[in-house]
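Here is my note on the structure you sent. Please read it with the coordinates open.

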Amino acid sequence: MPRFGRILSAIITPFDAAGAVDYDVAQQLAKHLVSQGHEGLVVCGTTGESPTLSDEEKLGMFAAIVEAVDVPIIAGTVGYNTAHSVELTKQAAKLGVHGVLSLTPFYSRPSQAGIEAHFRAIAEATDLPQIIYDIPVRTGRKVSSDTLIRLAHDVPNIVGVKDAAADPAESARVIAATPDDFEYYSGDDKLTLPFLSVGAVGTIGVATHWTGPDHVDMFDAWERGDVAGARAANARMLESFAFETGDEAPNPIPTKAMMRTLGWQVGQCRLPVGDAPDWVESRAREVWANLEAARG
């Protein structure tokens with residue numbers, strides 16, 4: 001079993017009617033996800049609207065989810081300000097989180113040397129294991145394969161990657177060149193099964209909020225060598241993967257809409273993402289009905 005589990009969600013952050021973080025709903029949702037097969041959770045990642053949360057709110061979410069469930073909790077403590085990321089990571093560690101998710105510095109567009117120094121500074125500031133989140137479509141910078149390989153060999157507590165770079169072939173090269181205990185997680189739901197084929201150990205997902213049992217089926221089938229079964233499980237989730245984000249309703253708008261249709265009082269997204277367009281919740285109901293029908 002991977003150190004953080006196979007199936008994780010970057011959990012949404014619920015807001016109440018006044019727009020404040022609803023820690024009670026967050027705890028209930030975390031428990032629900034674990035009951036649906038999640039083996040770990042990422043808190044205050046992009047899907048958790050981390051850019052809109054204050055440090056106090058982030059620390060409150062870390063504490064609430066650590067208290068609620070007995071699975072590894074990975075804290076989204078790292079952004080584009082290295083000194084601030086170091087301090088928030090130190091504070092999160094005191095709350096009992098089990099690891100940190102380190103986003104590639106964005107907006108500043110640092111060189112590979114700057115990106116590497118940023119990750120090393122975080123690692124030096126904590127004993128917590130660190131997963132590097134490589135998502136160039138959001139950050140504007142790809143973490144190069146050479147940088148990943150060097151960090152994997154040089155820094156003991158840089159232990160893996162959440163890969164949303166959409167290049168399984170290049171990921172396969174990095175997996176082959178890094179230590180066996182350096183773990184690759186899919187960061188793009190539609191590519192999770194292809195990533196498994198080149199050596200990924202799990203997923204940090206979005207649609208996983210409502211496809212937990214289907215992911216369990218896919219991973220279990222893959223691990224017992226039932227490729228056809230894994231493909232079938234993946235196939236019934238494809239509509240969910242297509243729904244989870246888009247230009248008119250970017251992540252996490254669709255996930256919050258889906259959870260609202262399933263009875264969860266999670267609120268809308270904060271600006272600048274904002275409220276869901278009118279069509280999203282009706283589409284969520286269609287996606288859910290189709291998924292239930294596909295499950296049989």
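1. A caveat on the source. This is a predicted model. Please keep that in mind for each point.

2. Start with strand β2, residues 40-43. Which way do its residues point? Gly40 and Val42 point one way, and Leu41 and Val43 point the other way. All of them are buried. In a regular strand, side chains alternate between the two faces of the sheet.

3. Next, the partners of β2. Strand β1 (residues 7-11) runs parallel to β2, and 4 bridges join them. Serine 9 has leucine 41 of β2 as its bridge partner. Strand β3 (residues 73-78) also pairs with β2 in the parallel sense, over 3 bridges. Here valine 43 has alanine 75 of β3 as its bridge partner.

4. Helix α1 (residues 23-35) forms a right-handed β-α-β unit with β1 and β2. Helix α2 (residues 55-68) forms a right-handed β-α-β unit with β2 and β3. Trace both on screen.

5. Turn to helix α7, residues 168-177. Which of its residues are buried? They are Ser171, Val174 and Ile175. Viewed down the axis of α7, these fall within an arc of 100°, so they line one face of the helix. Ala169 and Ala176 are exposed, on the face turned away from the buried side.

6. Last, what covers the buried residues of α7? The cover includes two helices, α6 (145-154) and α8 (192-197). It also includes the strands β6 (158-163) and β7 (183-186).

Technical notes:
Residues numbered from 1 in each chain as written. Predicted model: local features only at pLDDT ≥ 70, side-chain atom pairs only at ≥ 80, totals over all residues. Heavy atoms only, no water. Buried < 20%, exposed > 50% of the residue type's maximum accessible area, 1.4 Å probe, protein only. Pairing = 2+ DSSP bridges. Right-handed = clockwise from strand over helix to strand, strands pointing away. Arc of directions from axis to C-beta. Contact = heavy atoms within 4.5 Å.
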